[in-house]
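Thanks for coming, everyone. Please take a look at the model on the screen, and then I'll walk you through it.

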Amino acid sequence: MSFGRPLLRTSYNQDASIFPTVLQKGLAIGFVLFLSAMALDLPVFGDIPRFFLGNTWLDPVGLTLCFAIAALGLNILVGVTGQVSLGHAFFMGTGAYTAVMLGGNVGNEESWKACVPFHDNLGLLDQQGECGLGLPIWIWLPASALVAAMIGVLVSPAAVKVRGLYLAIVTIGLVFIGLHLGRMLPEIAGDFESGRKWPRLDIRLWKGDPVVEMTEDGKWFGFLELSEEQKQFFFLLAMVLLMTWLAKNLVRSRTGRALQAIRDRDVAAEVMGVPEFKYKRIGFAISSAYAGLAGALFASFTGRVSPVDFGLLLSVDFIAILLIGGAGTIAGTLMGTVFVELLPKSVEKGTAWLSGNLDAGGLLGGIANFLLTSGSAGDFGPVSISATAPGWPMSVFQWNFVIYGVLIVVFLIFEPLGLFGIWLKVRNYWKGWPFSY
Amino acid sequence: MITLIQTISKAVALGSIYAILGLSYVLIFKGTQVLNFAAGAISMAGALFMSIMVADAGFPFLPFSNPIAPDPGETAGMGRWLVLLLMALILGGILGLVLERVAIRPMVGQPLFALAVITLGLEIAIQPFNLDAVAISGRSIGVPWGTETWEIGGAIFPKSYLAAVVAAALSFGFVFWFYRSRFGVAMRAVAFDQEAAMAQGINVGRVFAIAWGLGAALATLAAIFFAMAPWPAAGVVSLEIHPVWVFRVLPVIVLGGLDSVVGVIYGGLLIAGFEIFAGQYLARFTGVLGPGYSTIVPYLVMLVVLLVKPYGLFGTAEIRRV
């Protein structure tokens with residue numbers, strides 16, 4: 001502990017700890033406090049996210065927190081173990097549907113008959129949404145992780161044998177099989193397009209009243225006046241912190257070192273006595289467990305998730321998060337999640353703000369006139385703000401996809417280490433400032 | 001018996017289309033070591049080019065009109081349609097060249113995975129333009145034989161089946177001829193060892209460009225023939241040839257081995273056979289298997305094959321060194 005020289009490390013234990021220096025620890029705690037201050041809507045802090053994301057900013061941020069857990073899981077598989085998987089969405093779906101089976105609403109005798117798969121030729125669709133055991137969250141949340149991990153182990157015989165791009169293709173197959181299962185079992189999954197009711201995030205001891213309720217505005221623990229979204233935000237933030245801590249510890253452990261050895265050179269790892277298949281399977285299982293947990297939280301948080309949402313695009317999301325954030329680093333993964341998940345919302349907000357300035361004149365009005373078009377004749381500009389007609393001026397929603405794809409390409413070409421690499425460059429620049437090294 | 005013959009012909013036709021698309025993957029993979037996940041967007045864009053050729057009098061954003069486009073309200077005759085098809089293939093090839101130049105060339109020497117993900121990014125970036133262009137109703141590709149069929153001894157064969165088989169035969173013939181040509185030999189040398197090929201004076205950049213141009217043109221060809229009548233798209237470029245179908249070709253190339261041209265023929269026929277036969281003969285179990293179950297049969301076959309042979313049936317096993 002040396003306050004005068006914050007970067008000095010004086011012992012091995014200090015070097016191996018999560019926050020080697022006081023500065024890093026302080027920054028981490030400060031960041032969490034900063035997030036909490038924003039969520040509690042304190043005077044200045046609350047305005048920052050509102051400026052970028054609009055008044056309902058807790059919704060996209062909550063989603064981002066759920067995705068952060070899944071991204072941490074994929075980071076363990078792709079960044080730490082070096083196995084490229086495009087099947088993360090499948091495991092998220094597994095977790096979500098385990099959660100809904102265990103924690104969903106209890107139906108009556110009749111609706112339980114509809115819960116048995118293949119009960120007849122898809123004739124009981126009106127009964128869906130009512131089959132579940134109604135168990136509390138402390139059962140269904142760990143169970144969703146556990147079941148996803150078990151499925152991960154189950155498919156691992158196919159996954160550990162194949163390498164590189166073959167593995168990516170196999171896991172793509174997994175996503176499509178998962179999508180089909182969603183279409184095949186409406187008894188569990190609900191309607192393919194519109195989904196079904198999800199368990200709520202309340203914490204209860206058993207089936208009675210919640211101990212910590214999270215689905216209504218009101219006081220928490222008798223004194224903290226919070227809205228529904230704020231409660232869920234703090235719960236999800238706590239989950240993310242817990243899972244980040246676990247991931248960080250995993251990477252520092254014997255298992256983590258074995259996984260990294262396999263990533264760096266699998267044959268060399270085997271020669272050193274690291275059983276390759278065993279550790280690949282472990283990596284697969286841990287990553288799937290993260291995905292299952294995240295999937296359960298994601299579905300329960302949003303409340304309107306359907307099988308079609310667990311498609312290939314969701315898997316690509318996480319690969320993009322890792323690449324844009326910086327694969328293999330936990331800080332990079334979290335940065336990437338925030339960037340990828342919140343960018344579309346900010347672009348939407350920015351467009352809305354710009355369209356308010358269409359008639360403002362000056363530079364701002366010029367930019368707005370150049371970029372936006374309301375669909376009237378003679379008005380050009382690539383972004384349409386009238387959401388009606390399909391056709392050339394594309395909506396912000398479509399442009400967001402284009403931006404997203406281009407970002408993946410640009411980051412890979414210009415900054416392979418992602419946001420984490422940019423952060424390293426900035427940090428090293430200021431460390432040596434005003435000297436270049 | 002008639003059902004069996006019809007099913008076989010359908011499987012052969014679908015297998016031919018899969019083989020054309022698989023050939024596109026394999027050419028690009030052999031030439032540039034890139035697994036082209038953007039094939040879906042490229043092929044849909046190519047089919048849109050075809051539709052622009054056939055249905056519009058001019059080109060979008062360009063001032064001059066298309067001299068051989070059919071008159072408004074008429075469909076193109078056979079010869080004219082083939083010329084238009086050739087032009088669409090050239091446009092598709094140009095798209096491939098542009099993508100290669102912009103996104104792939106700067107990444108030479110990077111890990112395989114990074115290159116594969118770049119193509120995923122391209123797919124996502126191009127796709128909104130495609131979906132925007134087909135809008136809701138879809139755009140016609142003006143197939144001259146439309147939905148016509150031959151009837152031989154009670155069995156019905158759509159003319160598109162024969163067209164698909166002929167297209168596949170021509171493209172494979174072309175690729176085999178190409179492999180014996182000067183450029184083809186250069187491409188095989190690059191596939192074998194990039195640095196050694198460079199040392200021999202082969203222009204690796206040009207090989208990359210040719211591989212992507214040919215690959216994109218083949219993807220276009222496959223999409224156009226998949227958009228014809230007996231298949232769900234039924235003659236229009238619509239959301240039915242949404243790139244998801246392109247991913248069904250991944251099992252084909254995995255089965256054949258990522259770098260084997262001959263393997264693609266076997267893989268395509270095998271996968272299409274499983275898919276079509278499962279669709280035909282397990283139809284009465286649809287209630288249990290779920291609607292559209294035949295589209296995941298390729299993935300199931302792939303999982304089983306990879307358990308037994310991790311590098312596919314014809315792929316080169318990677319030699320692993322420390």
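Start with B:V297. Buried or exposed? B:V297 counts as buried, because it has 23 C-beta neighbours inside 10 Å. Here is the rule: buried takes 20 or more other C-beta atoms within 10 Å of a residue's own, exposed takes 12 or fewer, and partly exposed is in between, with C-beta atoms placed from the backbone. B:V297 sits in helix α13 of chain B. Helices are DSSP runs of H or I with at least four residues, strands are runs of E with at least two, and both are numbered from the N terminus. Leaving aside neighbours within four places in sequence, B:V297 is in contact with B:F274, B:E275 and B:A278. Contact means C-beta atoms, placed from the backbone, within 7 Å. B:P144 is elsewhere: 153 residues from B:V297 in sequence, and 32 Å away, C-alpha to C-alpha.

A word on the source. This is a predicted model, where local features need pLDDT of at least 70, side-chain atom pairs count only at pLDDT 80 or more, and totals for chains, interfaces and linings use all residues. Residues are numbered from 1 along each chain as its sequence is written, while chains are lettered from A and ligands numbered from 1 in the order in which they are written.

Now helix α11 of chain B, residues 261–281. Its 21 residues should span 30 Å at 1.5 Å a residue, and the end C-alpha atoms are 30 Å apart, so the two agree. The expected span is 1.5 Å times one less than the number of residues. The buried residues of α11(B) include B:G263, B:L270, B:E275 and B:A278. Which elements cover them? Among them are α1 (2–32), α5 (159–180), α10 and α13 of chain B.

Two of those covering helices also meet each other. The axes of α1(B) and α10(B) come within 9 Å and cross at roughly 65°. That makes α1(B) roughly perpendicular to α10(B). Axes are lines fitted to C-alpha atoms, for helices over the stretch in contact, and angles run from 0 to 180 degrees between N-to-C directions. Under 35 degrees is roughly parallel, over 145 roughly antiparallel, 65 to 115 roughly perpendicular, and the rest oblique. The crossing is right-handed. From α1(B), B:Y18, B:L21, B:G22, B:Y25 and B:V26 meet B:V249, B:V252, B:I253 and B:G256 of α10(B). By class, that is 7 nonpolar, 2 polar and no charged residues. Nonpolar here means Ala, Val, Leu, Ile, Met, Phe, Trp, Tyr, Cys and Pro; charged means Asp, Glu, Lys and Arg; the others, Gly among them, are polar.

Phi of B:Q33 is near 60°, a positive value in a residue other than glycine. Most residues other than glycine have a negative phi. B:Q33 counts as buried, because it has 22 C-beta neighbours inside 10 Å.

Next, where the chains touch. The contact takes 43 residues from chain B and 43 residues from chain A. On the chain B side, α4 (112–134), α10 (249–256), α12 (286–289) and α13 (297–308) each give two or more residues. α4(B) gives the most, with 14 residues. The chain B side divides into 34 nonpolar, 5 polar and 4 charged.

Over to chain A. It has 18 helices and 7 strands. Of its 437 residues, 42% count as buried. One is A:L297, with 30 C-beta neighbours inside 10 Å. A:L297 is found in helix α13 of chain A, residues 276–302. How far from A:L297 is A:C66? Their C-alpha atoms are separated by 6.2 Å, though the two are 231 residues apart along the chain.

Helix α14 of chain A, residues 312–325, is mostly covered: 13 of its 14 residues are buried. A:G326 follows α14(A), with a positive phi near 120°.

Last, a helix pair in chain A. The axes of α15 (residues 330–355) and α18 (residues 418–432) come within 8 Å and cross at roughly 115°. α15(A) and α18(A) are therefore roughly perpendicular to each other. The residues of their contact divide into 5 nonpolar, 3 polar and no charged.

That's my tour; questions, please.

Conventions: Contact = placed C-beta atoms within 7 Å. Left-handed = near helix turned anticlockwise from the far one by under 90°.
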